[in-house]
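Please look over the sequence and the 3D structure shown here. Then read the short report below them.

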Amino acid sequence: MGGVAFIGMKWVRSYMASRLRRGISARALGPNEARVLYDGTVALCAAMLSLALDAAFVRHASPDGRLWCAMLVLAPILVTASLALGIYGRLRFSPGRVKALALALSVAIAAALAALISNDVPFALLWVAIAGGPIIVARLLLGIAQTARRTSLAVAVNDRGPVLVIGGAGYIGTHAVEQLLSAGHAVRVLDRLMYGRSSLSDFAANPRFSFVEGDAADISRLTEAMRGASAVVHLAGLVGDPACAVDPEFTRHTNIFVTRMVRAIAQSMGVRRFIFSSSCSVYGVSDDPVDELSRLTPVSLYAQTKIDSEGELLSNTPDDFFITILRFATVFGHSRRPRFDLVGNLFAAQAIEDGVITVVGPDQWRPFIHVRDLGRAIAETIDADPLVVQSQIFNVGDERLNTTILGLAKAVQAVAQTYRPVEITVTEDPADKRNYAVSFDKIQRTLGFRAQTSLEDGIRELIEKHRQGAYAHYREEAYSNVAMTRHALDRFHDPDELSRIYAPLSR
Ligand SMILES: NC(=O)c1ccc[n+]([C@@H]2O[C@H](COP(=O)([O-])OP(=O)(O)OC[C@H]3O[C@@H](n4cnc5c(N)ncnc54)[C@H](O)[C@@H]3O)[C@@H](O)[C@H]2O)c1
């Protein structure tokens, strides 16, 4: 009971904050607010009319206190019953006739209670006759219009052009490309190849794959890549706290300004679907499990750039533009563009190459997810009903993979020990305050998403890849986000490069 009250309070607080941010005007009215306002107003007006008709033609006397009371409570009862039946929640995307049936039930509940309170059945029946039509029939008519809109949107959104994956040569990007191709999509990648081009070589022969090399900040490359696309998956950026700390100006340019540009170009070129890769690191420090409505307490510039981009992307979104924010859990696993700055991959490399896993901050909780599952989550979001995922934030992961850093180290040790003895050394890091256990209930409920690769299976696959010689030494510069960010930074400050990128298009 206490838990429900806590979640309720949290919801009310977060709703009030966002309501105040949007301001009080008809344009700022959310779709559910408009529904509640409509139902409440119709119920109240119908109650006043019923009261007058009842007094004039049935009672032939003025209304008594009980009747006045019934008149006043009808609207709140109707809205509360509709809320409890899910009309403003889980039934929002149901067919019009299901919503009309549920509304008929809340009208009946409200009328029955009004009859009990007033002890005046004709008054309640008059109210049903007057309010029932506008409330129930309006939903049926809206349902027909929505079905038509949904069909035309599904055609417009899903059936045209390739999915553009910006940052598709990266660690997650190559998995997203693979999953999108196998789901039957044509895929185009725009990438500046910070980590080389070999990660894309497996796709080169696929006739549904195409590649544009370039920086997303380069408007001519961006528009070339965007032309004719059906959707954008924006994964490009500087990734991780150390890389983002190299040069804050460059970080904001790459992670916020470029994201703003990608959205503006997508919108202006009629690309209606947009997926943005955010991160669960936006939650920062929390002693309680967090979900999409939790307070954000970023502890790094990286996390702050994700929060700023989310805010920009979700504000002033037109009805026919479909933005979805995916907050990825901490990723691990093998990819065509290997990363060893990720704690799971680093531990597997240390275990198999050094025989020692160095744990820092053993009790910090992290949510983990295999990189192949993330690629699948992206493809499934692209294939989801656009109206269901529009302007939604989803944590992407699986609670079964939430564990502490020490728990992860032990899982790696257990797998690696079949090949060689492995020790674990533990130290505390007072500077690293990140700690969060995440709820993935929303993505599971809405899209049915669950991880298919467990922590143990993903680690075993990584260790096998090490043993097969798939990687150079894990400390090689080619794998370092920080080293590659420094190289990219040199280009960012190079006047020739800047004048090329910002040159007028006609030159
Ligand atoms: N790996 C994780 O644990 C994790 C967790 C949460 C969120 N994310 C997010 O997922 C996204 C992808 O992460 P990743 O691990 O695949 O990173 P990555 O560094 O492997 O890939 C990023 C790719 O983007 C490209 N790129 C960078 N800036 C670009 C630009 N301006 N124009 C064109 N291409 C550019 C790089 O060349 C690289 O191929 C990032 O936005 C990251 O913040 C990752």
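This is a predicted model: local features need pLDDT of at least 70, side-chain atom pairs count only at pLDDT 80 or more; totals for chains, interfaces and linings use all residues.

## Around the ligand

Now look at the oxygen atoms of the ligand. The side chain of Tyr302 places an N or O atom 2.5 Å from a ligand oxygen. Asp191 has a polar side-chain atom 2.6 Å from a ligand oxygen. Leu235 takes part through its backbone. One of its backbone N or O atoms lies 3.1 Å from an oxygen atom of the ligand.

## Helix 9 and helix 10

Two packed helices are described by the angle between their axes and the distance between the axes. Helix 9 spans residues 248-268, and helix 10 spans residues 301-314. Their axes come within 10 Å and cross at roughly 20°. Angles under 35 degrees count as roughly parallel, so helix 9 is roughly parallel to helix 10. The crossing of the two is right-handed.

Which residues make the contact? Helix 9 supplies Pro248, Thr251, Arg252, Asn255, Ile256, Thr259, Arg260 and Arg263. Helix 10 supplies Leu301, Tyr302, Thr305, Asp308, Ser309, Glu312, Leu313 and Leu314. Six of these contact residues are nonpolar, five are polar and five are charged.

## Helix 6 and helix 12

Helix 6 covers residues 173-182, and helix 12 covers residues 371-383. Their axes are 8 Å apart, and the packing angle is about 50°. That makes helix 6 oblique to helix 12. Helix 6 passes helix 12 in a right-handed crossing.

From helix 6, the contact uses His175, Ala176, Gln179 and Leu180. They meet Val371, Arg372, Gly375, Arg376, Ile378, Ala379 and Ile382 of helix 12. How do the contact residues divide into nonpolar, polar and charged? Six are nonpolar, three are polar and two are charged.

Conventions
Residues are numbered from 1 along each chain as its sequence is written. Side-chain values use heavy atoms; hydrogens and water are left out. Axes are lines fitted to C-alpha atoms, for helices over the stretch in contact, and angles run from 0 to 180 degrees between N-to-C directions. Helices (H or I, at least four residues) and strands (E, at least two) are DSSP runs, numbered from the N terminus. Angles under 35 degrees count as roughly parallel, over 145 as roughly antiparallel, 65 to 115 as roughly perpendicular and the rest as oblique. A crossing is left-handed if the near helix is turned anticlockwise from the far one by less than a right angle, and right-handed if clockwise. Contact means heavy atoms within 4.5 Å. Ala, Val, Leu, Ile, Met, Phe, Trp, Tyr, Cys and Pro count as nonpolar, Asp, Glu, Lys and Arg as charged, and the others, Gly among them, as polar. A polar contact is a pair of N or O atoms within 3.5 Å; within protein, one must be able to donate a hydrogen and the other to accept it, and residues adjacent in sequence count only if both atoms are side-chain atoms.
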